[in-house]
Amino acid sequence: MPILPRTVALWLMRLGLIAAVGVHIHAAYGLTILNHNARSVKYQSPRDYQVANFASRTMRWTGVIVVLFLFWHLADLTWGWWNGTGNDGVFVRGDVYGNVVRSFERVPVATLYIVANIALGFHLFHGTWSLFQSMGWNNPRFNKWRRYLAVGIATIVVVGNVSFPIAVLAGIVGE
Amino acid sequence: MSPERKTKKAPAKKPAAKKPAARSSPVRPSPRVVLDAKIPPGPIAEKWDNYKADMKLVNPNNKRGFKVIVVGSGLAGASAAATLAELGYDVHVFTFHDSPRRAHSIAAQGGINAAKNYRGDGDSVQRLFYDTIKGGDFRSREGNVYRLAQVSVNIIDQMVAQGVPFAREYGGLLDTRSCGGSQLQRTFYARGQTGQQLLLGAYQQLARQIGLGNVKLWNRSELVDVVTIDGRCAGIVTRDLVTGAVQSHAAHATVLATGGYGNVFFLSTNAMACNITAAWRAHRKGAYFANPCYTQIHPTCIPQADETQSKLTLMSESLRNDGRIWVPSREGDDRSPSQIPEAERDYYLERMYPSFGNLAPRDISSRAAKRAVDSGRGVGPLKNGVYLDFAAAIGRLGRDVITERYGNLFEMYERITGEVPYEVPMRVYPASHYTMGGLWVDYELTTTIPGLYAAGEVNFADQGANRLGASALMQGLADGYFVLPYTIGNYLAPMLNKPIPGVDHPEFQLAEQAASTRFGNYLDIRGSRSPDWFHRELGKIIWEHCGMDRTAAGLRQALSDLPALYEEFKTDLRVTGDGASVNQTLEKAGRVDDFFELGMLMCRDALERRESCGGHFRSEYQDSEGEAQRDDANFAHVAAWEFTGDPMKAVRHKEELKFETIHLAKRSYK
Amino acid sequence: MKNLENLVLRIWRQSGPDDPGRFQSYRIDSISDEASFLEMLDVLNEKLIGEGLEAIAFDHDCREGICGTCSLMIDGQPHGPQRGTATCQLHMRKFSSGETITVEPWRATAFPIIKDLIVDRAPFDRIVEAGGFITATTGGAPEANLTPVPKPVAEAAMDAAACIGCGACVAACPNGAASLFTAAKVSHLNLLPQGQAERWSRVEAMVETMEQYFGSCTNHGECEAACPKSISIDFIALMNKDYLSAKLKNRALISRT
């Protein structure tokens, strides 16, 4: 007999994540509006940025990409809206392994997944580095490691996630 | 050319009570002014205490009823305004900058003196007092200078409490270093930005009072006139630099803390907007102007590079601790410095002043540099500098030590000249830096107009004929924090419940009209030359004839050239734009106008002071070794000039300087 | 010394706050490479006055990089292309003959344009008025050496205090945030022992005043690159940490207000 009834733990985690997504989007929206208003008249000549990098300057775009991807991801692998064209043509609720393999065998899906995860990587890289600044975790002893850590976390997530479709396409993982 | 000096010095006792000379010019009748310094009685060390014990006080509840105007937000202005507001007065601060934090005190690099004796090297109030009097070549007032030395210790306490990040020793206590003209280490500093840190300290304190609503700030507002009614200062008239609106402000007391007039030379280390207008407008309304010929030329500035140059940049005096000054021995030597062998270099300061060497005081080093350049041995593309060479120090101490000590300054030099001082010697030349002369004030810092005060560089009081390094910041803060807040109360106390004239008084209306007309006129001349052009030409004349080396013939030449150029200014000025929005050309025109009149007074003062002392060097008065020769029998006095409608006809009054504590001696740094 | 020839300056002209403004091109035939950027503008202004035209209004004063009055967006960079240098210390040797140089005012909603290249930076003063001080009324200060300040602390405070308040950080920030300015002011005082009594109330008041006027920091780091005093964004982290502490701690105990 499990401590909790079936899916309760899952739903608790899901609710937590849904709340986090909500807060995240609310904050991003608020920040965008605030910053847009802080410079209501833009520069009329081109800017020449010195250190602002691709990741920091594309947070909004990578964020939007990740949100859209998130919906697609749920639709594909949780709700099974488009995941019915595998070998046997059936989306099996709960058959995580099978569903993933069936989905990633389609090259466009795998490509979409890879692209979205690279966007997520950039988002995470700047997000992680920003976390230290925003929370004030700043100490000369470990400051130089903050960038490395940001790169590390982003890389682990991207490499880990991208390895799934590649493994499927390469035939390493199959039914 | 001497309508002045009608009174002979009154023997002792009454210090210099003078009648104004008979005037033919029909300006406003100013009441008879007595140049009484009002030094309190008692031994020198007790005078300030005696003053404070006797002064009148204003009840805290009554202070809000007194309005005090402070013009200028540098060290003196910001500290005075903040302190007066803390006491409870209704303070209004005026600055032509966008923010009070921009005043030019911010550019002081070296440090601030205080008789703390933290080094245990024998410093004391008495020593600082003596060094300052000697540094000023015995041309300042004992009473004022002693008080300055006394309150210097409070300044350091105050600034540390406010969060000024002074340099520290490893134990956490305050660090000090030495500065020119002193054999003690009494200079407190914050890297090469002491002025910035002190000003920000005072500004923060002022900002707090603005935030609390105790101070009303008027930024981008320039004083254009001072109004006197019934013999006292009734307020000021300002011009809003954004809208051009001219407006009157009435007050019980007015403080001018508007800095010096070094920009009369056009090229100086002053900021571009530094000007004499506030003091000059007060002078025109009856405030005597004292010792205008006492100007300080700083020996180590980056030489002028071309005709378009707008200002000169100071390289800190501290560089002379490790840099050696030299020029080629031979005239017209065009070789690069590295190719000139040791034997063909003239380390002239070390040669002429063996004991102080490269650290000789400012006026002496400046004159020596001028003589080297005038003898055809100047260096650089325009042959207008001398070398300040760090090769020996780098060889001895290593590049790292030099970087640690002067890295910032070397970078600044490189930014400006494009040369790397680690590799080629710096080039330096003297430039106008500070002005010791200014509005005449008494012990209470009151000008000859009751109710009008002058604090900081704009007054003449403490620096005599020459200022020592790290003394300007000290004086500004002393005046603002520890002198004015007491003396203003003493003036205001008897005015309780007596109404003062408001801005609807006809005198204010007249002053407003006059100011509007004046600025309208600049726009209406529609001549061919810009205000900058006139300023540059004016500066050339003053620098040539009333700079480091003055002669009677040269000064007379200047006094004939200046009125001619001024006449041209009045008929051939061109100011474009309008008077109802930001117009920096128009602002400049008003300032240059006043510089012209001041320039004439400077030359007249220099001509009349037939001696050499401190920053005032008359070639005719030097000893056999070329050093300044004072004439204590005839010139141990303050020359205070009264405006009579034309600076060429200003009347010279004297305040005899009485030395009760100090014995007058030759100022030698050999 | 050599001369630069045939420079074209595209300069923003705007007669007042309500004028939409536009770029206008001016030609400089020849200018010494020893001239500073502002001296080059002086020369241009002299030429304009000579032609009977109105001079270009721009803010400047000390011209030695310390007063913070000068500004200018030069070719898309605040204070121009040289790192750690204010416009007044930028020299023409950093440019070359035939170049077109574009000059624009700072742009931020909190810094409205007054005229041409002049903007109003008053919100910086408001931030300082909110808490950028140590309350130490004149006369009540204790003996200066009573409280030792460790040298590294004094040095760090000085690094922050070097801020000249020019506004380049706001101009550079893609978000128009003033975090570097505010952080420099907060850190200078919060690091020192003398600033501890008001530490939490200071950071709260200053940050919240800042937020009334400016955008929000998203850690691009442009401000540090543009800062003429090269003030580090580490101070922003310090400010954020103190702000968080001020919000979380029982402030009633620490500073009763």
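Trp82(A) is located in the loop that runs between α3 and α4 (96-104) of chain A. In this predicted model, the residue is partly exposed, its relative accessible area being 46%. Trp82(A) belongs to a nonpolar surface patch of about 810 Å². Two elements of chain A, α1 (8-38) and α3 (59-77), each give two or more residues to the patch. The largest share, three residues, is that of α3(A).

Chain C was described as a whole. Its secondary structure consists of nine helices and seven strands, and its C-alpha trace spans about 65 × 40 × 35 Å along the principal axes. The chain has 257 residues, of which 66% count as buried. Among contacts in chain C with a separation of 6 or more, 69% are between residues 24 or more positions apart. The accessible surface of the chain amounts to about 8300 Å², and carbon and sulfur atoms account for 51% of that area.

Over all chains, the structure contains 64 salt bridges. One of them joins the side chains of Asp98(B) and Arg121(C), with an N to O distance of 3.5 Å. This pair crosses between chains. Asp98(B) is in the loop between β2 (90-94) and β3 (112-113) of chain B, and Arg121(C) is in the loop between β7 (118-119) and α2 (122-131) of chain C. Both Asp98(B) and Arg121(C) are buried.

Arg126(C) is partly exposed, with a relative accessible area of 29%, whereas Glu129(C) counts as buried at 12% relative accessibility.

In chain B, Arg351(B) and Asp346(B) form a salt bridge in which the closest N and O atoms are 2.9 Å apart. Arg351(B) has a relative accessible area of 51% and is therefore classed as exposed, the cut-off for that class being over 50%. Asp346(B), in contrast, has a relative accessible area of 9% and is buried. Elsewhere in the chain, a network of salt bridges links Asp137(B), Arg139(B), Arg609(B), Glu611(B), Arg630(B) and Asp632(B).

Arg518(B), in helix α13 (residues 506-525) of chain B, is buried but has no salt bridge. The nearest side chain of opposite charge is that of Asp594(B), at 4.3 Å. The side chain of Arg518(B) does reach the backbone oxygen of Val224(B), at 3.2 Å. When neighbours within four places in sequence are left aside, the residues in contact with Arg518(B) are Val224(B), Arg281(B), Gly590(B) and Asp594(B). Val224(B) and Asp594(B) are thus named both among these contacts and in the distances given above, at 3.2 Å for Val224(B) and 4.3 Å for Asp594(B).

Definitions and conventions. Residues are numbered from 1 along each chain as its sequence is written. Chains are lettered from A and ligands numbered from 1 in the order in which they are written. This is a predicted model: local features need pLDDT of at least 70, side-chain atom pairs count only at pLDDT 80 or more; totals for chains, interfaces and linings use all residues. Side-chain values use heavy atoms; hydrogens and water are left out. Helices (H or I, at least four residues) and strands (E, at least two) are DSSP runs, numbered from the N terminus. Buried means under 20% relative accessible area, exposed over 50%, partly exposed in between (1.4 Å probe, protein chains only). Lys and Arg count as positive and Asp and Glu as negative; His and the chain ends are not counted. A salt bridge is a side-chain nitrogen of Lys or Arg within 4 Å of a carboxyl oxygen of Asp or Glu. A polar contact is a pair of N or O atoms within 3.5 Å; within protein, one must be able to donate a hydrogen and the other to accept it, and residues adjacent in sequence count only if both atoms are side-chain atoms. Contact means heavy atoms within 4.5 Å. Patches are made of residues with over 30% relative accessible area and no salt bridge: like charges are joined within 9 Å, nonpolar side chains (Val, Leu, Ile, Met, Phe, Trp, Tyr) within 5 Å. Accessible areas come from the Shrake-Rupley method with a 1.4 Å probe; for residues, only the protein chains shown count as cover.
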